[in-house]
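Notebook open, model loaded. I want to look up ring pairs first, then helix packing, then a loop.

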Amino acid sequence: MGQAEFEELYRKYYQMVFGFVKKRVTGKEMAEDLTSEIFEKAFTTIERYDESKCSFQTWLFVITNNHLKNYYRDKKEVVSFEEEPGPALISEASVELVVELQEMREVLKRALLKLPERDMEIVLCRYYEDMTAVQIGKRMGLTSGNVRIILKRALEKLRKI
């Protein structure tokens with residue numbers, strides 16, 4: 001894929017990625033920086049993209065999600081014990097809850113990957129990007145009614161999985 005083709009994809013998906021990132025970080029500048037890093041990563045790894053496996057949007061979403069995970073992992077703050085005491089230690093129950101939520105995310109992720117690509121994209125657009133049926137329909141070339149039907153059926157499939 002050439003630079004001109006990638007620039008076209010950049011223009012097409014920039015707002016989607018930026019909006020997704022902006023909802024998950026503090027500050028517009030940080031969202032802009034992370035979005036730039038995400039597209040840089042996509043550009044440098046574009047040869048790994050296989051359109052027979054997923055759409056460009058799905059591939060870009062995976063890069064975005066992984067980049068945000070790395071950002072939060074690397075962002076951990078170091079606290080000195082000589083400073084004022086911080087909040088109380090995390091209880092065992094809250095640690096269990098965090099572990100349980102992580103396990104549930106993994107189960108949901110595996111279930112999403114079992115859906116047909118179109119269904120998965122609609123679910124991701126609706127619940128991860130907080131898009132309306134009309135917005136999803138415009139992006140995917142479907143009517144809003146069709147999007148709602150596909151979404152309902154996809155959620156039923158997810159419950160069964």
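Started in helix α3 (residues 56–74), where Phe56 and Trp59 sit 3 residues apart, so about one helical turn separates them. Helices here are DSSP runs (H or I, at least four residues; strands are E, at least two), numbered from the N terminus. This is a predicted model, so I kept local features to pLDDT of at least 70 and side-chain atom pairs to pLDDT 80 or more, while totals for chains, interfaces and linings use all residues. Residues are numbered from 1 along each chain as its sequence is written, and side-chain values use heavy atoms, with hydrogens and water left out.

**Ring pairs**

My pairing rule takes rings of Phe, Tyr and Trp (its six-membered ring) with centres within 6.5 Å; planes under 30 degrees apart are stacked, over 60 edge-to-face, the rest tilted. That gave me 13 aromatic pairs. Phe56 and Trp59 form a tilted one, at 5.6 Å centre to centre and 45° between the planes.

Next I checked burial, with buried meaning under 20% relative accessible area, exposed over 50%, and partly exposed in between (1.4 Å probe, protein chains only). Phe56 is buried at 6%, and Trp59 is buried too, at 12%.

Then I looked at Tyr71 and Tyr72: their ring centres are 5.0 Å apart and their planes meet at 70°, so I logged the pair as edge-to-face. Tyr71 is buried at 17% relative accessible area, whereas Tyr72 is partly exposed at 39%.

Which residues do ring pairs link into a cluster? I found Phe6, Tyr10, Tyr14, Phe18, Phe39 and Phe43 in it.

**Charges over rings**

I count a charge over a ring if NZ of Lys or CZ of Arg is within 6 Å of the ring centre and within 35 degrees of the ring normal. Arg24 lies over the face of Phe20, 3.6 Å from the ring centre. Arg126 lies over the face of Tyr127, at 5.4 Å from the ring centre.

**Arg126**

I stayed on Arg126, which belongs to helix α5 (residues 117–127) and is partly exposed at 29% relative accessibility. What does Arg126 touch, leaving out residues up to four places away in sequence? With contact meaning heavy atoms within 4.5 Å, I get Met131, Ile136 and Leu151. Arg126 and Val147 are 21 residues apart in sequence, and their C-alpha atoms are 9.8 Å apart in space.

**α6 against α7**

Helix α6 (residues 133–140) and helix α7 (residues 144–160) pack at about 100°, with axes 8 Å apart. On the α6 side I see Ala133, Val134, Ile136 and Gly137, and on the α7 side Ser144, Val147 and Arg148.

**A loop residue**

Asp130 is in the loop between α5 and α6. Asp130 has a positive phi of about 55° although it is not a glycine, and it is exposed at 52% relative accessible area.

**Whole chain**

Buried residues make up 32% of its 161 residues. Of the contacts between residues at least 6 apart in sequence, 59% join residues at least 24 apart.

Technical notes:
Axes are lines fitted to C-alpha atoms, for helices over the stretch in contact, and angles run from 0 to 180 degrees between N-to-C directions.
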